[in-house]
Amino acid sequence: MYMTHLPAHIDLSISTYSIHQDSALIILVSYKLSKYLFDSKTALLTSFLVAISSFHVLYNQTARYYSFNGLLNLLSLYFFITALQNNRISKWFSYLVTRTVSLYMNYSSFLFFISETFFIIFYRIKYAKSFKRWRFCFIAIFILWLPMRELFIRDLVVLISGEGFERVPLYIG
């Protein structure tokens, strides 16, 4: 989304602060998610491991969307888990927005989306009330993602044909 949806005449000067802000937010969200699922000790260990992870540091130093996509996937997972347990509309809406944006950013977000789908289908009896709202979110996410299907099919054909995978920038306007 950083690089693909901007007109060609816009200057892409990204400050160091804005790049590292995603990284700090990933550490914060991983702490909050771990604390929600486990306890404070586990949350501190998780955030420490995320902070010193070589992959996290490497992706943080590239001025690309990887850190932001990771942040969106973590936020989406957090909203998914809290929405399942609380079944509040605000949490489901937050999940809907973060998951849709993450699917627009990178195809790897489908792995999270598919995992969440298998989880909710497997535990649909335990989360019967939440299952109805999740089903609505699933349909809404699919409908909101439909404009991307042509690009997805194009990239899938290129990937399957073995010609290599190179993202062609989109220019709006």
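**Y127 and two helices**

Mentor: Y127 is found in the loop between helix 6 and helix 7 (128-145), where helices are DSSP runs of H or I with at least four residues, numbered from the N terminus. This is a predicted model, in which local features need pLDDT of at least 70 and side-chain atom pairs count only at pLDDT 80 or more, while totals for chains, interfaces and linings use all residues. Residues are numbered from 1 along each chain as its sequence is written, and side-chain values use heavy atoms, with hydrogens and water left out.

Trainee: Why is Y127 called buried?

Mentor: Y127 has a relative accessible area of 14%, and buried means under 20%, exposed over 50% and partly exposed in between, with a 1.4 Å probe and protein chains only; Y127 is therefore buried.

Trainee: Which residues is Y127 in contact with, leaving aside its neighbours within four places in sequence?

Mentor: They are L84, F119 and I120, contact meaning heavy atoms within 4.5 Å. Y127 and L84 are 43 residues apart in sequence, yet 6.8 Å apart in space, C-alpha to C-alpha.

Trainee: What makes helix 4 and helix 6 roughly parallel?

Mentor: Helix 4 (residues 66-86) and helix 6 (residues 109-122) pack at an angle of about 10°, and angles under 35 degrees count as roughly parallel, over 145 as roughly antiparallel, 65 to 115 as roughly perpendicular and the rest as oblique; the two helices are therefore roughly parallel to each other. Their contact is made by N69, N73, S76, L77, F80 and L84 of helix 4 and S109, F112, E116, F119 and I120 of helix 6.

How values were computed
Axes are lines fitted to C-alpha atoms, for helices over the stretch in contact, and angles run from 0 to 180 degrees between N-to-C directions.
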